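Here are a few exercises to work through with the model open in your viewer. Try each task before you read its solution.

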Amino acid sequence: MENKQDKMKYRLADSIKECMKTIPVDKITVKNIVEGCGTTRQTFYRHFLDKYDLINWYFDKLVLASFAQMGQGTTVYEGLVKKFHFIRQERVFFAEAFRSDDRNSLKEHDFDLILQFYLDKMMEKTGYLPDEEIRFLLEMYCRGSVYMTVKWVLTGMKSTPEEIAKSLVDAMPEKLGREFRVLGLIGV
């Protein structure tokens with residue numbers, strides 16, 4: 001059930017999505033966003049630090065459900081398929097959001113989110129964080145996954161969500177893949 005704050009956040013998200021249809025993300029202003037939904041700058045800043053904070057919040061709402069299901073026996077592949085279906089449904093939003101290279105961009109947020117998700121899963125299943133080598137492989141894998149997700153979105157999503165998810169799982173470094181199999185995060 002949505003509360004009053006969430007309703008306003010979704011109104012602001014709908015407004016920035018409308019702006020994205022005609023204005024590049026880096027050129028959208030808070031004024032554009034608030035005028036689009038008939039509210040004030042103060043209201044915007046009561047909910048978000050900046051437009052990137054709004055974009056990242058909306059991304060979280062769309063995608064976190066797919067990651068949460070991995071904790072309930074869903075594999076990395078199945079979680080990624082769900083994520084890519086969400087992204088495909090909101091293709092205009094993601095195409096514009098992924099174009100930005102701002103320090104608070106969606107690309108950086110996506111990387112931080114998936115890296116922390118995997119680290120939390122590993123900690124939950126083993127009781128400790130991975131060693132330096134596995135952490136390095138995990139960070140490299142997450143960076144590559146984000147890069148390939150952005151490329152998939154910006155080149156028109158020609159592969160299906162299932163195909164891109166399979167490619168990302170297949171591209172996992174062997175040693176990291178063994179670790180994920182032991183933890184039950186990918187199939188045997």
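Two residues are in contact here when they have heavy atoms within 4.5 Å of each other. Keep in mind that this is a predicted model.

**Exercise 1.** Find out which residues I55 is in contact with, leaving aside its neighbours within four places in sequence.

Solution. Start at I55 and skip the neighbours within four places in sequence. What's left is I16, M20, V25, F93, A97 and L106. Now zoom out to the largest nonpolar core, which has 61 residues. I55 is among those with the most contacts inside that core, along with L12, L54, F94, Y118, L138 and F180.

**Exercise 2.** Work out how many cavities of 30 Å³ or more there are, and what lines the largest cavity.

Solution. First, the count: one cavity of 30 Å³ or more turns up. Next, its volume: the largest cavity holds about 30 Å³ of space. Then the lining, which is made up of L80, I114, Y118, Y141 and S145. Sort these by class and you get four nonpolar residues, one polar and no charged ones. Finally, look at the helices: α7 (106-126) and α8 (132-154) each supply at least two residues of this lining.

**Exercise 3.** Describe the overall fold, then check the radius of gyration against that of a compact globule.

Solution. Count the elements first: the protein has 10 helices and zero strands, so the pattern along the sequence reads α-α-α-α-α-α-α-α-α-α. For the dimensions, the C-alpha atoms fill a box of roughly 50 × 35 × 30 Å along the principal axes. Now the check: a compact globule of 188 residues would have a radius of gyration near 16 Å, and the protein's 18 Å agrees with that. Of the 188 residues, 49% count as buried. Among contacts between residues at least 6 apart in sequence, 68% join residues at least 24 apart.

Terms used:
Residues numbered from 1 in each chain as written. Predicted model: local features only at pLDDT ≥ 70, side-chain atom pairs only at ≥ 80, totals over all residues. Heavy atoms only, no water. Core = buried A, V, L, I, M, F, W, Y, C linked by side-chain atoms within 4.5 Å. Buried < 20%, exposed > 50% of the residue type's maximum accessible area, 1.4 Å probe, protein only. 1 Å grid on protein atoms, 1.4 Å probe; cavity = no way out; pocket = protein on both sides within 12 Å on 5 of 7 lines; lining within 4 Å. Points joined across faces, edges and corners; volume = space filled by probe spheres on them. Helix = DSSP H or I, 4+ residues; strand = E, 2+ residues; numbered from the N terminus. Nonpolar A, V, L, I, M, F, W, Y, C, P; charged D, E, K, R; others polar. Rg over C-alpha atoms; globule rule 2.2 N^0.38 Å.
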